[in-house]
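Please read the points below with the model open beside you.

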Amino acid sequence: MIDKIESLKAEISSAVAPDAEAVERFRIKYLGKKGEIALLMNDFRSVPAESKREMGQRLNELKTLAALRLAALREALAAGAEAEAADIDLTRTATPLPLGTRHPLSLVKKEIIDIFAAMGFTIAEGPEIEDDWHVFSSLNFPPDHPARDMQDTFFIARDPSDILLRTHTSSVQTRVMESTAPPIRIVCPGRVYRNEAISARAHCFFHQVEGLYIDRNVSFADLRQVLLQFAREMFGPETKIRLRPSYFPFTEPSAEMDISCNICGGKGCGFCKHTGWVEILGCGMVDPNVLRSCGIDPDIYSGYAFGMGVERITNLKYRVSDLRLFSENDVRFLREFESAK
Ligand code: DAH
């Protein structure tokens with residue numbers, strides 16, 4: 001009997017009644033003349049005298065619970081009808097919650113990734129806290145290279161091996177090459193850190209997208225074509241590119257890529273310092289030393305790599321003049337990108 005009372009209590013407490021018929025069904029089922037509680041009352045007669053007191057109490061509690069629940073269900077029904085009559089939408093949130101917008105850097109990062117994904121690149125990611133091997137040594141940086149200097153790199157620990165915040169996403173190249181056999185065709189988006197004073201034009205963290213393609217017979221012409229395609233998709237079909245010889249320890253030959261200034265269309269303006277060109281990325285053919293460090297035979301495989309700053313591309317696309325805006329979370333700034341795709 002106790003079990004029966006307890007299970008009825010649970011049923012009654014969770015009963016719902018969406019309309020008047022359901023409320024009436026509830027009343028008949030539990031409180032009707034032949035209802036569950038009435039049946040229990042009949043059984044009560046055969047309860048031994050010593051348990052009568054306790055059982056009686058439990059039965060009364062059950063009856064009160066059912067009566068209260070019935071009253072509550074009736075009340076809810078009446079309130080609903082009243083609201084309906086007053087044309088109140090009970091499903092509406094009390095205060096409208098303002099929607100956020102996508103961050104401009106996320107928008108541009110996605111655009112960059114989508115362009116390369118359409119050309120067969122997949123996404124690879126790596127840790128922001130790295131070691132010297134993945135950020136510098138495996139990438140052919142000589143031991144005394146200035147980029148390793150305290151002034152550029154945030155070191156976390158110096159012994160026994162250097163642990164640091166990665167200064168570029170090129171570290172992901174090493175991680176993927178160490179663990180994957182060619183062909184490799186990846187883009188690696190991520191945050192990087194450099195020990196710079198924060199100003200309108202520099203920040204101690206920013207974002208890069210790295211690209212890497214390793215296979216048999218990969219040539220500089222392949223690199224150029226992929227980058228041209230990227231520039232046209234990102235900045236419009238009229239965009240021209242220019243590759244200038246440069247130096248990076250991990251590529252040979254190395255180049256920097258300029259695009260025709262998308263603000264003046266190449267005629268020359270303040271933004272491109274009247275040259276008609278703006279630099280957007282570094283690139284080159286992966287140095288055989290790097291392939292060797294990562295266990296890939298440079299006599300069989302070759303490849304290209306490139307790396308670009310997401311902030312830089314965003315500035316060119318949306319003309320953001322102060323880098324600090326990207327990390328200040330001022331909603332007035334972020335809302336300007338509401339309609340961006
Ligand atoms: N890691 C370079 C930087 O942070 C960018 C870069 C240049 C990446 C050339 C590359 C590359 O993969 O080939 O400035």
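1. A disulfide is counted here when two cysteine sulfur atoms lie within 2.5 Å. In general terms, a disulfide is a covalent bond between the sulfur atoms of two cysteines. The search of the whole structure finds zero disulfides. For Cys188, the closest cysteine sulfur is that of Cys294, 12 Å away, which is too far for a bond. For Cys283, the closest is that of Cys188, at 15 Å, again too far for a bond.

2. The model is predicted: local features need pLDDT of at least 70 and side-chain atom pairs count only at pLDDT 80 or more, while totals for chains, interfaces and linings use all residues. Residues are numbered from 1 along each chain as its sequence is written, and side-chain values use heavy atoms, leaving out hydrogens and water.

3. Buried means under 20% relative accessible area, exposed over 50%, and partly exposed in between, with a 1.4 Å probe and protein chains only. Cys188 is buried, at 0%, and Cys283 is buried, at 2%.

4. Helices (H or I, at least four residues) and strands (E, at least two) are DSSP runs numbered from the N terminus; two strands pair if DSSP finds at least two bridges between them. Seven strands form an open sheet with mixed pairing, in the order S1-S5-S6-S10-S9-S8-S7. The edges are S1 (122–123) and S7 (241–248); each has a single partner strand, so one side of each is without a neighbour in the sheet.

5. Strands S6 (residues 205–215) and S10 (residues 302–309) run antiparallel and are joined by eight bridges. Asp215 stands opposite Ser302 in S10. S9 and S10 are also antiparallel, over five bridges, with Gly282 partnered by Gly307 in S10. Eight bridges join S8 to S9, again antiparallel. Eight of the 10 residues of S9 are buried, so S9 is largely enclosed by the rest of the structure.

6. A nonpolar core is a set of buried Ala, Val, Leu, Ile, Met, Phe, Trp, Tyr and Cys residues joined through side-chain atoms within 4.5 Å. The largest has 44 residues, and Ile112 and Phe306 have the most contacts inside it. Helix H8 (220–235) gives the most to this core, with eight residues.

7. Which residues does Phe306 contact, leaving aside neighbours within four places in sequence? With contact meaning heavy atoms within 4.5 Å, the residues include Phe116, Val209, Leu223, Leu281 and Cys283. Apart from this core lies another, of 24 residues, among them Ala124, Leu139, Phe141 and Ile296.
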